[in-house]
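Here's a quick walk through one model, starting with how its parts are laid out. Have a look at it first.

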Amino acid sequence: MARHGVTVLRVVRAVVGHADADDAWSETFLAALKAYPRLPADANVEAWLVTIAHRKALDITRTASRRAVPIADPPDSPARERADTHDLDLDAAVGALPPKQRQAVAYHYLAGLPYSEIALILDSSVVAARRAAADGIATLRRTYPMTSQGNANDRN
Amino acid sequence: MTAINLTEHFPVDPDHLKRLHARLERAAQSGDLLDIAYRTVDSAVGPLLLAATPLGLLRVAFANEGHDSVLQNLSARISPRILEAPTRLDPVARQLEEFFTGRRHSFEVALDWSLSQGFRRTVLEHLNTDIGYGTTTSYAALAGLSGSPKAVRAVGTACATNPIPIVVPCHRVIRSDGTVGAYRGGPAAKRVLLDLERH
């Protein structure tokens with residue numbers, strides 16, 4: 001289960017943003033440990049973990065929207081000194097996507113799930129899941145220009 | 001449309017993930033959700049997988065056993081609540097290091113015998129208490145110690161399936177003709193352990 005840690009972290013970073021990602025990650029794996037004995041032996045563990053992460057992310061987003069007025073991090077806040085250097089432009093671009101598109105992009109392009117699984121997680125049709133991911137990626141290509149020839153290395 | 005590798009745009013710092021795992025380990029432990037903790041250590045006989053329950057050391061596995069398949073087997077037989085959680089294994093990891101540098105001749109760790117039943121367990125418990133560092137015994141002698149002098153083949157099986165090798169010293173059981181015989185970690189690993197204890 002733990003070898004999916006990297007994937008789940010990428011997914012929650014995309015879905016809830018860096019600030020809440022660590023909590024979403026921890027809550028996902030704690031919930032998974034609790035529920036693990038009931039998981040059928042032939043289940044797709046990664047899809048199952050992403051499903052849990054999806055629900056935890058919804059909880060966190062709901063709680064966050066009830067919190068006080070959101071303010072941007074001041075330039076010298078500790079949040080900007082995280083261990084991971086991350087591209088704030090990408091965060092902003094992903095964060096600006098409508099939730100369904102952001103989720104579909106994360107579950108397909110970061111977790112590698114097939115649209116049949118994503119449709120179950122998003123409670124939508126396979127066609128709608130595929131469309132949400134395609135629309136999200138199309139927007140990202142505009143708002144966060146990833147290199148056009150599929151070579152993304154020069155961005156890192 | 002060109003293929004997109006979005007994961008490259010989401011780099012994950014291994015140290016950050018390690019800290020998250022440590023936090024999860026503590027939370028799981030206090031929530032009674034960590035049935036099996038595991039880690040790997042390097043040794044003179046290659047990387048070893050160590051797995052422990054709250055009762056004690058459950059499994060030591062050599063690389064040739066395939067650590068992934070060993071973990072899958074533990075998940076099916078004992079509990080799927082398995083986490084890479086080094087803290088629980090710190091004492092045995094330290095003692096193994098001392099053992100491999102010749103500074104330790106016996107292990108002081110609690111053992112979880114859940115993977116051994118019946119006669120096999122009897123054999124391994126005798127092996128654990130009766131055959132000291134630097135000595136060897138034969139399968140026939142161990143059969144006698146275990147109360148079934150004729151069960152030499154069964155003793156061989158018990159040793160070959162020892163779930164806690166090195167700590168429970170099945171490497172000290174050799175063939176009556178003096179050759180080292182089979183070993184879960186391969187005959188070369190057995191040779192290394194016997195040579196280590198001769199110095």
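In chain B, the C-alpha centres of domain 1 and domain 2 sit 26 Å apart. The bounds come from an automatic or database domain assignment, and the two domains tabulate like this:

| Domain of chain B | Residues |
|---|---|
| domain 1 | 6–100 |
| domain 2 | 118–198 |

Keep in mind that this is a predicted model: local features need pLDDT of at least 70, side-chain atom pairs count only at pLDDT 80 or more, and totals for chains, interfaces and linings use all residues. Residues are numbered from 1 along each chain as its sequence is written, while chains are lettered from A and ligands numbered from 1 in the order in which they are written.

Where the two domains of chain B touch, nine residues come from domain 1 and 12 residues from domain 2; contact here is C-beta atoms, placed from the backbone, within 7 Å. On the domain 1 side, strand S3 (residues 56–61) of chain B gives the most, with four residues. Strands are DSSP runs of E, at least two residues, and helices are runs of H or I, at least four, numbered from the N terminus.

Chain B as a whole has seven helices and six strands, and its C-alpha trace spans about 70 × 40 × 30 Å along its principal axes. Among its contacts between residues at least 6 apart in sequence, 58% join residues at least 24 apart.

Over in chain A, the axes of helix H5 (residues 99–110) and helix H7 (residues 126–143), lines fitted to C-alpha atoms over the stretch in contact, come within 8 Å and cross at roughly 95°. That makes H5(A) roughly perpendicular to H7(A), a label covering 65 to 115 degrees.

Notes:
Axes are lines fitted to C-alpha atoms, for helices over the stretch in contact, and angles run from 0 to 180 degrees between N-to-C directions. Angles under 35 degrees count as roughly parallel, over 145 as roughly antiparallel, 65 to 115 as roughly perpendicular and the rest as oblique.
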